[in-house]
Structures are given as C-alpha cells and as structure tokens.
Amino acid sequence: MFEIFGIPSQALFGQLLLGLINGSFYALLSLGLAVIFGMLNIINFTHGAQYMMGAFCAYLLLQYLGINYWAALIIVPIVVGIFGIVIERLFLQHLHKLDHLYGLILTFGLALIIEGVFRNYYGSSGQPYQVPEALRGGRNLGFMFLPNYRAWVIAFSLVVCLATWYAIERTRLGSYLRAATENPTLVRAFGINVPRMVTLTYGFGVALAALAGVMAAPIYNVSPQMGSDLIIVVFAVVVIGGMGSIMGAIVTGFVLGIVEGLTKVFFPEASNTVIFGIMIIVLLLRPAGLFGRPA
Amino acid sequence: MKLQMRITGGLAFALAALLGTAAQAEDITVKLGVLNDMSSLYSDIGGQGSVVAAKMAIADFNPAAHGMKVELVNADHLNKPDVGTNIARQWFDVDHVDAIIDVPTSSVALAVNEVVREKNRVFLISGAASSDLTGPKCSPNSVHWTYDTWMLANSTGKSIVKTGGTTWFFLTSDYAFGHALERDTKAVVLANGGQVLGGVLHPLNTQDFSSFLLQAQASKAKIIGLANAGGDTINAIKQGAEFGITVGGQNFAGLLVFINDVQALGLKTAQGLILTETFYWDMNDGTRAWTKRWQAERPGKFPAMTVAGVYAETLHYLKAVAALKSATDGKAVVAKMKDMPTDDPLFGKGYIRADGRKIHPAYLFEVKKPEESKYDGDVYKLRATAAAEEAFRPLKDGGCPMVTN
C-alpha cells in the first residue's frame with residue numbers, strides 16, 4: 001500500500017483506530033467532568049479516583065459475588081454514583097457559594113485519601129480482570145487485528161456520550177438543569193427542587209466516571225493509581241474543549257485520542273506530553289477553549 | 001556566695017558531661033534510610049516491604065549485643081531523581097543518616113549514587129537495575145546487591161535466543177533503566193546469532209500499549225522484548241493477550257519480572273513466561289522461614305528479590321560497622337563489606353567484588369500453569385541455575401574506573 005511520511009498506510013490506519021479507542025475513554029471521562037463543572041461549577045478532582053473505584057468495584061463484584069461484567073456495567077455506576085451523592089451532601093454542598101479553588105482542594109484531598117486506602121489494601125501491582133467471554137478474540141481487518149472488546153468500547157461510549165448530550169441539551173429535564181445553573185433562585189421560585197437536581201447531577205457525573213472504570217477494567221491494569229495517571233490528561237481535554245461545553249468535551253476527547261495515537265507512531269517519546277502542548281496553544285489563542293462560551 | 005555557686009555548678013556540669021560522654025562512648029549510633037517508591041508503579045517490589053525487611057535485618061543483627069543503636073527512617077522518592085537527591089541531601093546533612101538503602105528506578109539511583117560519593121556515606125542498592133552502577137558509574141561508597149541489567153540480559157535473554165527466539169523487537173521504557181536493559185540484551189542477542197528488527201520507546205508509567213504492540217506485530221519479530229518493569233510490564237502483557245500476540249506466533253520476553261507482577265497478571269495470563277530472579281520465597285527452608293516472618297507484617301503478599309536484597313545487605317552492612325566499630329567513613333565500611341564474605345539464609349554464601357557488585361547465583365524460572373500451582377504463591381518452576389561467577393558481568397568488562405587491571 002502507499003506510504004505517508006515513511007509509515008505504511010496500513011500501520012497508520014491501525015494507529016488511528018487505536019487512537020479512536022483511547023479517545024472514547026477520554027470522551028467518557030471528560031464528559032463526566034464537563035457535566036459536573038458546566039452544571040455545578042465544581043472542579044471535581046476526585047473524578048480519577050471515582051473511575052478507579054468503578055474498576056475496583058467491578059473486580060470486587062466478580063471476585064466475591066460472582067457478578068459478571070454485564071451486570072457490573074449497570075450496578076457499579078449506581079453504587080459509585082450513590083457514593084458520589086454522599087460526598088456531595090456531606091462536603092460539596094457547603095462549597096457552592098465559595099471560590100472554585102475550595103472545591104478543587106477538597107476533591108483533590110478526597111482523591112488522595114481514596115487512592116491511599118485502596119493502595120493500602122491492594123498494593124500497586126493491580127488485580128487481574130478478564131475480558132468477558134462474549135467479547136473475547138477479534139477480527140483481522142487487513143490493516144490490523146482489532147480485538148472485539150475494543151470495538152465494543154468505541155461503540156458503547158459513543159452511545160453513552162450522545163445519549164447524555166441529548167438528555168442535557170434536548171430534553172426538558174436537561175433544560176431545567178441548565179436553567180438551574182444559570183439562575184438558581186428563579187428556578188426555585190418555579191417550584192423545582194434545585195439542591196436535589198444538583199446532587200443528582202453530581203451523582204450522574206460520578207456514575208459516568210465509574211462506567212468508564214468498568215469498561216477499562218478488562219484492558220487496563222486495575223490498580224489504585226490508574227485514575228491519577230489518566231485524570232491530568234482528562235482535565236487537559238476538558239480545558240481544550242471548553243469547560244462548560246458538553247459537545248466540546250465529547251468531540252475533543254475523540255480528536256485528542258487520535259492525535260495522541262498519531263504521535264505514538266511518529267514520535268512515541270512525546271506521546272505523554274502532546275496533549276499538554278496542544279492545551280497551551282489553545283489557551284493562548286482561545287482562552288475559553290475550542291467550544292467554550294467566553295465568561 | 002554567688003561566684004562559689006557558679007563554680008560548683010560549672011564543675012558539677014562538667015563532671016556530668018564527662019561521665020555522660022564516657023558512658024555514650026561505647027554506644028555507636030547508626031541511622032539507616034530506606035528510599036524507594038512508596039506510592040506508584042514500583043511500590044509493590046519495594047515500598048513498605050523493604051522497610052519491613054530492613055527492620056527484620058536490624059532485629060536479627062541485635063544491635064544491643066554489639067553495643068550499637070540502630071535507627072531507621074524511610075521516604076518516597078516518587079521515581080523522580082530530583083526528589084530522591086533532595087531527600088538524600090537532607091538525610092545526610094540534617095538527619096545524620098549513614099546509609100541509604102534500596103532505591104529502585106535507576107535514574108534516581110544514579111543520581112543518589114553521586115550524592116553518596118560526595119558525602120562519603122554508604123549506598124546499599126537493591127531495587128535499581130542499571131549495570132552502569134558497577135560499570136562506568138561505580139563508586140567506592142556503593143554496593144549493588146540483588147541484580148542488574150547485564151545479569152538479566154545474560155540469563156533471560158540468552159536462554160530465549162538459544163531456544164529459537166532469534167528475531168527481536170524491543171518495547172523500552174524511556175529512561176536510564178530501559179535503555180540499559182535494551183543495550184545489554186541487544187548485545188546478548190547479537191552475540192548469540194540473533195537479530196534485532198527494531199524497537200520503540202514508551203514513557204515511564206504508560207497505561208495503554210496498544211499502538212506500541214501494533215508496531216511490534218507489524219515487525220513480525222518472533223520475540224517482543226519488554227525492557228520495562230512493574231506496572232508497564234503488566235500492562236504490556238495483559239494487552240498483548242488481548243491483541244492476540246501469542247496467537248499470531250510471537251512471544252513476550254519479560255526481561256524484568258517480579259513475583260508481584262505474576263500475581264497481578266494471574267497465572268492464566270502469565271503462564272509460560274521465562275524470567276530471572278535471584279531469590280524465590282519457596283526455594284528452600286531458609287527462604288520459606290524468612291518469608292513467613294516477613295509476611296507477619298505484610299499478610300497476603302510475597303517478597304520480591306529486591307526486598308530480600310534489602311534484608312541481606314542491611315545485615316551485612318551492620319556486621320561490617322560492628323567489626324569497624326564506626327559508621328562515619330563510608331568508604332571504609334564498604335571496603336570492610338568487600339573484605340568479609342557474605343552469608344545469609346536468603347542468598348547463601350557469596351562475596352562483594354571490587355566494583356561493588358555482589359555475587360550470588362541467578363535462577364531462571366518459568367511461570368507455572370494454573371493447574372500446576374498447588375497453593376498461594378506457588379508460581380515458579382526452576383529451569384536453570386547460573387553459578388555466581390558466571391551470572392554477572394566479568395570484572396574486567398565493566399569499564400569501572402576503580403578496577404585497574
């Protein structure tokens with residue numbers, strides 16, 4: 001086949017597809033972060049730890065209760081979402097009126113505590129978690145071997161991302177939510193329970209993180225630091241996409257996944273840092289992010 | 001009256017001080033510092049386990065019987081050379097630490113090595129791998145105990161080439177350790193008639209290996225050499241299973257794999273892996289008994305060879321200090337350690353060479369299949385033993401400036 005910059009096109013298409021898969025993790029996680037920040041104005045640094053809790057929950061359910069991956073996809077987001085609601089009720093609700101930084105510091109501290117507790121019990125090497133039976137193996141696409149599970153990851157995260165975007169931007173519930181963040185007093189006057197909406201939204205954002213965790217468990221190492229490794233990149237994605245924009249987070253997640261994939265082919269040593277380079281450029285040119293609305 | 005009181009008081013104070021120092025003159029205080037990764041990808045092969053091993057060594061040495069007092073501190077170097085050297089300097093300058101122990105992550109070890117040399121203390125290396133520590137960067141203040149990249153390349157690398165793995169593609173962790181391991185293994189592969197088809201560098205602590213594995217698959221090399229460790233190796237092997245690496249006829253060479261990595265992968269995924277360690281908890285009664293004591297503080301975990309190395313080198317160091325009756329001159333203590341032959345229940349009998357390299361046998365293991373494992377921790381079967389003299393790089397080949405002939 002033909003060559004692009006010295007790399008055979010086969011290898012390139014394979015890397016693009018892999019980048020898309022990674023992008024779907026970035027999209028799912030940054031979606032949760034964007035929802036929480038866009039709707040609640042909380043910088044949720046616990047997101048990575050909640051993603052890790054999702055993966056560990058899936059592992060524990062399988063290990064001790066024999067609950068398989070498919071049931072875990074539904075149970076784990078609910079369980080971790082409830083945990084998120086508890087955090088919101090106990091700590092975050094008191095910080096709404098204060099500067100963003102207080103929420104950042106609190107959630108960062110919580111993340112460190114959660115990670116430390118898990119590392120204390122489980123060590124850092126990680127726990128084994130197998131790909132579910134139905135998704136094992138793969139198919140040879142000609143230019144690469146695509147594992148079935150990775151194809152499932154792209155498909156499912158696209159569905160979840162689009163469903164969330166639709167729910168927030170196009171449904172009545174979503175419109176109440178958006179109104180409540182713009183003008184809570186007025187919305188309350190209409191008889192809508194604003195604090196409850198806020199709490200449930202935070203729980204939903206956390207549930208999204210946990211869902212990403214369950215999906216990551218079969219392919220990434222289920223270890224206590226899996227969240228902290230990913231969360232910095234996800235924050236960069238959200239900043240590039242625009243802090244308040246849902247569609248921005250989704251699109252940027254996928255695009256940056258592809259960019260990272262390409263970097264791994266042409267200059268692998270920089271694959272860790274290319275996203276931050278892009279973040280710097282975007283912030284210099286468009287401080288509100290690519291899709292964000294200037295404050 | 002006041003003057004009289006002052007003089008009496010002064011005399012009394014002087015007498016007390018004299019008596020006090022006379023009593024303390026017999027007690028040598030030694031302070032040890034365990035410096036390693038407590039929170040990230042290398043924390044299972046050292047971390048708290050190394051601290052426990054050091055405590056056991058101190059207890060087994062019985063400082064009181066030698067008229068010594070031994071204190072232990074520990075810190076997390078976060079796998080960053082600047083953090084490691086800062087902690088080392090503070091320990092030496094402010095906290096009067098005499099010896100630093102463990103230090104995995106070769107980039108940190110190489111940096112701390114220079115600080116120890118500058119301050120004339122002692123560096124007891126266990127976790128770090130780079131063979132440069134007893135090569136061009138060798139130091140009269142350092143002892144490299146458990147293993148190094150040359151030994152791994154010569155054991156795992158050579159055995160794989162000899163059994164048909166003739167073409168290699170390297171997946172290398174992009175820092176000092178990965179480069180050293182790739183360099184040493186490349187040399188072994190080429191020397192034994194093999195070919196290196198290519199390689200790719202990945203950042204330390206990489207989550208997703210899919211694109212690197214894709215490049216490895218495209219190279220069609222028979223063997224994918226993993227010049228990385230800890231979480232990186234686990235991720236690469238796990239994702240390799242997903243991408244059908246072995247189904248496609250390729251195999252992984254785990255150049256540095258610890259028992260903790262095998263536990264994390266599970267025997268189903270890890271079975272058949274060839275690896276080299278210099279200590280296995282289930283080797284003999286001595287190792288089993290020691291492991292049981294260690295597990296009292298680390299239940300459910302198994303000690304990697306680096307943890308065993310911490311115990312053995314701490315014990316040997318304390319014996320040397322007791323023989324010299326002082327811990328202040330680092331060079332002298334290390335010279336004494338090289339003078340005294342070593343003997344402990346974990347590594348058996350051995351000795352330390354002029355370049356600081358500790359010599360002991362190396363064991364080539366294969367990971368058992370799930371049905372072959374009879375109890376928790378029963379994961380290795382012994383394939384071959386390399387005698388101490390052959391396992392490590394010959395003294396003259398290292399390029400160590402201290403070795404003149």
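Reader: What percentage of the 405 residues in chain B is made up of buried residues?

Author: In chain B, buried residues make up 56% of the 405 residues. Keep in mind that this is a predicted model, in which local features need pLDDT of at least 70 and side-chain atom pairs count only at pLDDT 80 or more, while totals for chains, interfaces and linings use all residues. Residues are numbered from 1 along each chain as its sequence is written, and chains are lettered from A and ligands numbered from 1 in the order in which they are written.

Reader: How many helices and strands does chain B have, and what is its radius of gyration?

Author: Helices (H or I, at least four residues) and strands (E, at least two) are DSSP runs, numbered from the N terminus. Chain B has 14 helices and 15 strands. The radius of gyration is taken over C-alpha atoms, and the globule rule is 2.2 Å times the number of residues to the power 0.38. For 405 residues a compact globule would come near 22 Å, and the 23 Å of chain B agrees with this.

Reader: How many residues of chain B are in contact with chain A?

Author: Two residues are in contact if their C-beta atoms, placed from the backbone, lie within 7 Å. By that rule 35 residues of chain B are in contact with 32 residues of chain A. On the chain B side, strand E7 (195–202) and the helices H7 (210–219), H8 (231–242) and H9 (259–265) each give two or more residues. Sorted by class, this side has 11 nonpolar, 17 polar and 7 charged residues, where Ala, Val, Leu, Ile, Met, Phe, Trp, Tyr, Cys and Pro count as nonpolar, Asp, Glu, Lys and Arg as charged, and the others, Gly among them, as polar.

Reader: At what angle do the axes of helices H1(A) and H8(A) cross?

Author: Axes are lines fitted to C-alpha atoms, for helices over the stretch in contact, and angles run from 0 to 180 degrees between N-to-C directions. The axes of helix H1 (residues 9–40) of chain A and H8(A) come within 9 Å and cross at roughly 170°. Angles under 35 degrees count as roughly parallel, over 145 as roughly antiparallel, 65 to 115 as roughly perpendicular and the rest as oblique. H1(A) and H8(A) are therefore roughly antiparallel to each other. Their contact includes Phe25(A) and Leu28(A) of H1(A) and Val198(A) and Tyr202(A) of H8(A), and by class it has 16 nonpolar, 3 polar and no charged residues.

Notes: A residue is buried if 20 or more other C-beta atoms lie within 10 Å of its own, exposed if 12 or fewer, and partly exposed in between; C-beta atoms are placed from the backbone.
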